[in-house]
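Student: I would like to learn how to read the main features of a protein model. Please take me through one case.

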Amino acid sequence: MRILNSLAGAFGLTTLAVLPWAVLAESAKPLMKAIVVHEYGGPNVLKYEDAPRPDPKENEVLVRVIACGVNPADPLIVSGKYAKEFGTHLPLIPGYDVAGVVEKTGAKITKLKVGDGVYGYALFGGGWAEYAVLAESEAALKPKSLTYVETAAVPLAALTAWQALIDAAKLSAGQTVLIHGGSGGVGSFAIQIAKARGARVIATASTANQDLLKQLGADVAIDYTKTKFEEVAKDVDVVLDPVGRDTLARSYAVVKKGGFIATLVSRPDQAELDKHGIHGASVFSHPDANELTEITRLIEERKIKPVVTQVLPLSEAVKAEEQAETHHTRGKIVIKIADEPKS
Ligand SMILES: NC(=O)c1ccc[n+]([C@@H]2O[C@H](COP(=O)([O-])OP(=O)(O)OC[C@H]3O[C@@H](n4cnc5c(N)ncnc54)[C@H](OP(=O)(O)O)[C@@H]3O)[C@@H](O)[C@H]2O)c1
């Protein structure tokens, strides 16, 4: 107890009677700046403060984060609405998309080494901080042709588009795909992945984003505020739906027999699928280092490029979360945490 109390003194604590070891261990860790959530709620619960730097487990690397992407999932996690489903608990640090430099490796890391530029989708978040951990199964080497800020826009959104179009819908060359929300985070990658696959792309967005749909390679751009998509898109092989509600309900009829609807925000209605002789699935994205490496290859071949429309400092994460909540983001928002390292 004498030793414990002298440790307590070192940390400015008056007593150890109620101090659990976990707390002591946390206070002994070096600190970092982070966005910490101590109570579930809206953007106002995001606190920019000091937090203990994480330690990598044996299958993880510690990453000095240069930039971190922002996704509509961040406000959802912070709201606490899906705490049970996502297995989240407080306090938490949001941020799934990590891009940075490996600072330390766990004992079982075989592919990555200290100093590597990496990026990844951290399943349990933690990216809105100066340091974060990535499991080796979540991380890939960063594309050389992108900055870290651009790189941070990629993981969750591009993997979601990949897993919906390639893994679930098995999109192939020559097929036609209807991509709703083509100007958003997922949609902007989906258009490019579908084009790289050799598919014909019909994409929807509002008036202000018609130019972006075309720049990304859509063969047909539909302004959903002026034209009903079903008047233009008929007999498509695949629909990617990141919108839900009425958009999903009206999508069944535009898919040809044997076709597929992948929805990111809802459950397909089995009766509607049966009625039209089509298939469908809800897609829940997951980290995948191999798929991220495939995506890196397409980036290096200049077939995919992230669209970063807003870059904010870590201290302004509240603004980033407010924008993510609108569901009308053009491309991606990225939080820049440190200067780009000189390579
Ligand atoms: N299941 C999963 O694993 C998973 C993974 C990633 C994302 N998601 C979900 O998928 C959704 C999209 O994610 P995101 O990152 O792409 O979001 P985002 O960056 O906010 O993009 C949403 C896009 O949807 C467009 N949009 C809004 N209403 C529309 C409508 N009625 N018809 C067509 N387009 C419409 C917006 O374009 P305009 O501004 O031009 O309207 C915007 O560009 C979110 O709800 C997110 O939570 C799920």
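This is a predicted model: local features need pLDDT of at least 70, side-chain atom pairs count only at pLDDT 80 or more; totals for chains, interfaces and linings use all residues.

Student: How many helices and strands does the protein have?

Tutor: Helices (H or I, at least four residues) and strands (E, at least two) are DSSP runs, numbered from the N terminus. The protein has 13 helices and 15 strands.

Student: What does the radius of gyration say about the protein?

Tutor: The radius is taken over C-alpha atoms, and the globule rule is 2.2 Å times the number of residues to the power 0.38. For 343 residues a compact globule would have a value near 20 Å, and the 22 Å of the protein agrees with that. The C-alpha trace spans about 75 × 40 × 35 Å along its principal axes.

Student: What is the strand order in the open sheet of six strands?

Tutor: Two strands pair if DSSP finds at least two bridges between them. Here the order is β10-β9-β8-β11-β12-β13, with parallel pairing. Because β10 (220-223) and β13 (279-282) each have a single partner strand, one side of each is left without a neighbour in the sheet. From one strand to the next the twist averages 15 degrees; axes are lines fitted to C-alpha atoms, for helices over the stretch in contact, and angles run from 0 to 180 degrees between N-to-C directions.

Student: How many bridges join β8 to β9?

Tutor: Four bridges join β8 (residues 176-179) to β9 (residues 200-205), and the two run parallel. Val-177 stands opposite Val-201 in β9.

Student: Which helix packs on the sheet?

Tutor: Two residues are in contact if their C-beta atoms, placed from the backbone, lie within 7 Å. Helix α6 (residues 155-168) touches β8, β11 (236-241), β12 (255-263) and β13, and its direction makes about 150 degrees with that of β11.

Student: Where do the domains lie?

Tutor: Domain bounds come from an automatic or database domain assignment. The assignment gives domain 1 (30-153 + 308-336) and domain 2 (157-282). Their C-alpha centres lie 28 Å apart, and six residues of domain 1 are in contact with eight residues of domain 2.

Student: Which residues are closest to the ligand?

Tutor: A residue is near a molecule if its C-beta atom, placed from the backbone, lies within 6 Å of it. There are 29 residues around the ligand, and the closest are Gly-181, Gly-184, Gly-185, Ser-206 and His-328. The elements giving two or more residues to this shell are α6, α7 (185-196) and β9, and α7 gives the most, with three. Domain 1 and domain 2 each supply at least three residues of the shell.

Student: Which peptide bond is cis?

Tutor: The bond from Leu-90 to Pro-91 is cis, with omega near -10 degrees. Pro-91 lies in the loop between α4 (83-86) and β4 (97-105).

Student: What is phi of Arg-245?

Tutor: Phi of Arg-245 is near 45 degrees, a positive value in a residue other than glycine. Arg-245 is in helix α10 (residues 245-249).

Methods: Residues are numbered from 1 along each chain as its sequence is written.
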